[in-house]
Amino acid sequence: MTESGAQLFARLDARRCLKDIEPRLFPEDGGPDHGEVVELYGTEGTGKTELLYHLLCRCVLPVATGGLEVDVVFVDTDYSLDMLRLVSILDSRLNAARSTGSSLAGSDEAALRSCLSRLLVVHCSSSSQLVLTLHFLETSLSSRPGLALLLIDSISAFYWLDRCEGGASVAKQEEKLNKCAELLGRLLRDYRITVFATCHAIRRSYNGPSCSSSSDYDRPYLCRPWQRLVTHRLLCSRQEAANNMAAPAGGSKEQRGQQVFTVHCTSSCSRTKAYRSSSFYVIDGGVRFI
C-alpha cells in the first residue's frame, strides 16, 4: 500500500526530538534537534564509549524512570560493544527507579527485556559494510517511527584501512566515508533522526615528530562531507592525575579516587557557536556527572 503525503508527514512528526537527551552535556536549549549530528571525539580511554552507553540507556529506558522510551540503532564498527556492561547499567537504573517509587509495570526481567527490545545492534567490519548498513537502514526507519537515534561506534574505525586501500589518491581514500556521509545526510533529511558517533583522535602534526601539543589531536581529520554534517562536537579528555579529584571537599565515598573525565561541547547549529564544559566519572551503575 502506498503512503500518502499526509501519512508521511504524520509519521515523521511522531519521531522523538532528542534535545533533552542529556542537558548536562549541551549548552542551554542547545541539545541535538531532528536531523543533527553529534561527534564524540577524543583519544582512547577518555570515556567516549561509557558516555555513549549513558546516552543509549537514557533513550531506551521507560518514561517512568526518566528515560525517553525511543528505539535506537547501534552500529558497532569496532566490535567493542559490551552487552554485559550495557545490561548492568540498565539494571542499575531500573533498580534505582524502583527504589524511588517509580511505577514500573511487570517484573525486573520484563522491564529489562522491554528496554533491550528498543535496541537494534548491527556489526560492521569494513567501510563497505557500513555503506550497505546505512543504505538498508532506510527500511527500518520507514517502518519504525519510534526509531529516533543512530549511534555509530566509531565513524573513524576504518580510516587507516581506507587510506591504505586508496593508495596515493585522497579521493580514493575518502570515497567510502564520503558515501557514508551522503547516505547519512539523506537519512537525516528524510527521516529526521539524530546521530551520535564516536571518533578516535589521532595526531596529525605537520610540524615534525617533536610537536606534541594537544591541538594536534583535537583537529578534525575525517572527510569534509562528514565535517559538514556535524552540528555538535563533544571533545572528551581525561583529567591529569594532579587534578583528578571527583570530590575535592566533602564529596561522597563513591566519588573519591575515581578517574574524572571532561567534555567540552561546541554547538554550531545556530548562527553563533555555543559552548559548555562538564565533568563526569564512571562507576558500576554508569556515568555520574559532577
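## Basis and overall make-up

The model is predicted: local features need pLDDT of at least 70, side-chain atom pairs count only at pLDDT 80 or more, and totals for chains, interfaces and linings use all residues. Residues are numbered from 1 along each chain as its sequence is written, and side-chain values use heavy atoms, with hydrogens and water left out.

The protein has 10 helices and 9 strands. Helices (H or I, at least four residues) and strands (E, at least two) are DSSP runs, numbered from the N terminus. Of the 290 residues, 47% count as buried. Buried means under 20% relative accessible area, exposed over 50%, and partly exposed in between (1.4 Å probe, protein chains only). Contact means heavy atoms within 4.5 Å. Among contacts with a separation of 6 or more, 71% come from residues 24 or more positions apart.

## Nonpolar cores

A nonpolar core is a set of buried Ala, Val, Leu, Ile, Met, Phe, Trp, Tyr and Cys residues joined through side-chain atoms within 4.5 Å. The largest one has 41 residues. Ile21 and Phe196 have the most contacts inside it. Helix α2 (residues 48-60) gives the largest share of this core, 8 residues.

Leaving out residues up to four places away in sequence, Phe196 touches Ile21, Phe26, Pro32, Val38, Leu40, Leu52, Leu55, Leu149, Leu150, Leu151 and Ile152.

Two packed helices are described by the angle between their axes and the distance between the axes. Axes are lines fitted to C-alpha atoms, for helices over the stretch in contact, and angles run from 0 to 180 degrees between N-to-C directions. Angles under 35 degrees count as roughly parallel, over 145 as roughly antiparallel, 65 to 115 as roughly perpendicular and the rest as oblique. A crossing is left-handed if the near helix is turned anticlockwise from the far one by less than a right angle, and right-handed if clockwise. For residue classes, Ala, Val, Leu, Ile, Met, Phe, Trp, Tyr, Cys and Pro count as nonpolar, Asp, Glu, Lys and Arg as charged, and the others, Gly among them, as polar.

Helix α3 (residues 83-99) and helix α4 (residues 108-116) have axes that come within 10 Å and cross at roughly 125°. That makes α3 oblique to α4. The crossing is right-handed. On α3, the contact uses Met83, Val87, Leu90, Asp91, Leu94, Asn95 and Arg98; on α4, Asp108, Ala111, Leu112, Cys115 and Leu116. These residues divide into 8 nonpolar, 1 polar and 3 charged.

Helices α2 and α3 pack at about 50°, with axes 10 Å apart. They are therefore oblique to each other. Their crossing is right-handed. Glu50, Tyr53, His54, Leu56, Cys57 and Val60 of α2 meet Arg85, Leu86, Ile89, Leu90 and Arg93 of α3. This contact has 7 nonpolar, 1 polar and 3 charged residues.

Most residues other than glycine have a negative phi, and most peptide bonds are trans. A cis peptide bond joins Asp153 and Ser154, with omega about 5°. Ser154 sits in the loop between β4 (147-153) and α6 (159-166).

Glu69, not a glycine, has a positive phi of about 55°. Glu69 lies in the loop between α2 and β2 (71-76). Glu69 is partly exposed, at 39% relative accessible area. Arg192 also has a positive phi, near 55°. Arg192 is in the loop between α8 (175-191) and β5 (194-200). Arg192 counts as partly exposed at 27% relative accessibility.
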